[in-house]
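Work through the exercises below with the sequence and the 3D structure open, and try each task before reading its solution.

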Amino acid sequence: MAKMPHDTIDREELAEMLLRESKHHVNIRGKIITVVNHLPFSFSVPMTEEQRRERAREKRVLLKQHQMACPAHSDFPRLGAQHEKNGHDHDDHEQRAPISNLARRRSTLPNLGHTSEWEIKARSGHSALYAGVQVWAEHYETLMIGGAGVITAESNNQDIKSEDLPVERRNALTNLLRQRYNMVPVFVNHDQMIGHYDGYCKKVLWPLFHYVMWNGQLDESQYWNDYVTVNQQYAQAVAAHYEPGDMVWVQDYHLALVPQMLRELRPDALVGLFIHTPFPSSEIFRCLPHRREILNGMLGANMVGFQTYNYARHFSSNCTRVLGYESTPDGIETRTGIVSLGIFPIGIDVEKTRANCRRPGVAPKVKAIRERYVGKRIIVGRDKLDPAKGVLQKLEAFEKFLTDYPEWRDKVVLIQVTSPGVVASPKMEAKIAEVVARINTAFGSIAFTPISYYHQHIDRDEFYALLTAADVGLVTPVCDGMNTTSFEFVVAQEERHSPLILSEFAGTARSMSAAVIVNPWDFSWVANAINECLNMTVEDRNEKALLLQQYVNTHTAAFWATSLVNNLMAIKSKGTRSKNIKLEAKRLAIEYKTAAKRLFFFDYDGTLAPICERPEDATPTPEVLEMLKGLCSNPLNTVWVVSGRDQKTLEAWLGGIPHLGMSAEHGCFSRVPDGKWVSNIESIDMAWKDDVREIFRYYCERTPGSHIEEKKGSITWHYRQADPKYGAFQANECQNHLEQSIVGKLPVETLVGKMNLEVRPTLINKGEVIKKCLGQSGATDFVFCAGDDRTDEDMFRVLANVCVDKLVFTVSVGPADKQTIANWYVNSSHELIKTLEALKGI
């Protein structure tokens, strides 16, 4: 057998590698806390024994009244007895029914517990998520925190508001879930729960994330407060159960604010957020009025996970365009640290799905389906009735197929099952019924209709029977996350190898490229794909099925869950290797108190004041002015603000502080404490500015939103108001142009700042200011220098080389893992000011 090339991996080898990776479980010092919107159970308050006896008595009375009113039916009890006698015949008939009538079918959801105070049943849906969580429970200590949801009363099947439940009953459920299932319920106020889930989640976020814009009648703000309040309640519940060493995974968009809220309550918590839905492009997401709050809430996590690369790319683009953050290969660079982005496509529990396909109730239903449509090729579709699922487009495409390929008429049937969706769509339901009637009228007969449409819930056996009986699987959403129906279809078809048609807009499309990929909006394309699948040779079907099975069997729910934990722990391990140390207020105060003479240097933008979209908005706050005045009033202190701002701005904002030294334009001009402004560039030839200005004008004309700022000692091209991606691209081009035409030939250098390029004389920089101040200050035994960007590294570098005999605090404002020469860090300018305020009065 010929050897594989070195740059390729055999598929079996890849499958083994992924299997090994799914079984590699890193060590966690604490437990894994999973935060979900709903616990996987539904809860009801059972009837008392007295209520049960009363219910039975009422039934007997009604039965007696019915017999007396209908003497012709006097044999009713006998028929009832016969029914009981032949009960298994009725059950057998129900098992054979291809699509059960919802009113007749019995619930397949198991009853998991019954006490005098609570009845617990499994909740359907989200099986992939809970399968992954179960994998964690096999290897780690786990805790699931989630909403109790809508609680009902068994006596009248009416909702019970959680706030109306006695405290004792709530505590009983909490204790039961904690002891038996390692779960903690969150009891949300009923009205707030409705506003959060039925309001903001279902009417605002879900449509937006699936590219469905709201109608003009929706007022987003009416649900926002409920969304915030419920997220805060979940964050508090997590914080109450969090212990050092724990890992927290927040699941989906319902709880997008929880990471930031939890960060405020537990700053050192290791938090991951996974979004199960698509994440929209910035053109759509920017329509959300509270877009900044949602993004900032998500960025409270250490890592944000998505189903596909495209979704992560959209999130990164939104962070750049809406929040102004830079996107790096490591993630999103926020003011408090780098938030990593991960791609983790979810899978299913293959073994459980395989077992479900082999349940005793499935085979009779498969047989009944084939007997009902004997001689026909069966196409199966199973979707929720949501605009994003593409049911209407699927029906239109099927009509196109029957029109373009008349040879398949009376030979193919489409069984389409829909269940109620996230968003109620009565108009869509009516339109679908209209299209189905039109197609059946045009292409059907009294004996046969080409579309069998069922809008109802179906039980588990019916679902897997449909997937098993299908000759073609048709999964064509117009926008969807990881559609696990396609995975389940592959497992159900392990023997028959029926082909799968999959929309390119499903999150699984890139992973399952062996399926027949289509654009659901192109009806001719879908029609051709149906014809292709119906005519596919056995060899092609087997080859495609093998490739699909390899993916589904390796990218399981277990692999997904393990990847989440392993990657989040890797982020933590990487973070612990940072050489920067968090600045401690106590340590700073002690050293400050014992020093005989002190020297302070502060950058302005990003250090004393946060970065603003408009530079003129970054005025000093009262806290900053008070802090500077306090430091300057101490005769043992010499305080300098070394900024890139011009003289006029610094004088207007800070000129009123006594004894404050200032340096403008990165050292081009300076003013010693209580002195006058002097120029440091009088002897420098500034003729180079004409050439640089022309280059900047060239790029300014081609970059909408950019502008030129000209100072006496430098010239800067800003692109903060431009499109972030295009602006960064143009900045790279401009920098290359400058380096080829100007830098190297003239005594100037290019500084790459935060969304700007600055050209200045080589001999003028913040480091030179530091050298001059150190020479003028005499014997200083304490130096404090704070800055946030590349221009401030000149100050840190000088202090590292010159101040070997002094106590030096070089402080970087920004994330702990930021590349800097500084030895200390604070997360933000606000944190820096708070730390320095503690020195007042010492």
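**Exercise 1. Find what share of the contacts joins residues 24 or more positions apart.**

Solution. Taking the contacts with a separation of 6 or more, where contact means heavy atoms within 4.5 Å, residues 24 or more positions apart account for 74% of them in the protein. Before going further, note that this is a predicted model, in which local features need pLDDT of at least 70, side-chain atom pairs count only at pLDDT 80 or more, and totals for chains, interfaces and linings use all residues. Residues are numbered from 1 along each chain as its sequence is written, and side-chain values use heavy atoms, with hydrogens and water left out.

**Exercise 2. Describe the open sheet of six strands and say which strands stand at its edges.**

Solution. Begin with the order, which is E17-E16-E15-E18-E19-E20 with parallel pairing; strands are DSSP runs of E with at least two residues, helices are runs of H or I with at least four, and both are numbered from the N terminus, while two strands pair if DSSP finds at least two bridges between them. Next come the edges: strand E17 (451-455) and strand E20 (516-518) each have a single partner strand, so one side of each is left without a neighbour in the sheet. Neighbouring strands of this sheet are turned by 20 degrees against each other on average, direction ignored. Inside the sheet, strand E15 (residues 377-385) runs parallel to strand E16 (residues 412-420) and is joined to it by nine bridges, with Ile379 opposite Leu414 in E16.

**Exercise 3. Work out which strands helix H19 lies across.**

Solution. Helix H19 (residues 523-534) lies across E15, E16, E18, E19 and E20, and runs at about 170 degrees to E20; such angles run from 0 to 180 degrees between N-to-C directions, with axes fitted to C-alpha atoms, for helices over the stretch in contact.

**Exercise 4. Decide whether strand E5 is enclosed or open, and trace its pairing.**

Solution. Six of the six residues of strand E5 (residues 142-147) are buried (under 20% relative accessible area, with a 1.4 Å probe and protein chains only), so E5 is largely enclosed by the rest of the structure. Turning to its partners, strand E1 (residues 32-38) runs parallel to E5 and is joined to it by six bridges, whereas E5 and strand E8 (residues 183-186) pair in the parallel sense over four bridges. Finally, look at Gly146 in E5, which stands opposite Val36 and has Pro185 as its bridge partner in E8.

Key: Buried < 20%, exposed > 50% of the residue type's maximum accessible area, 1.4 Å probe, protein only.
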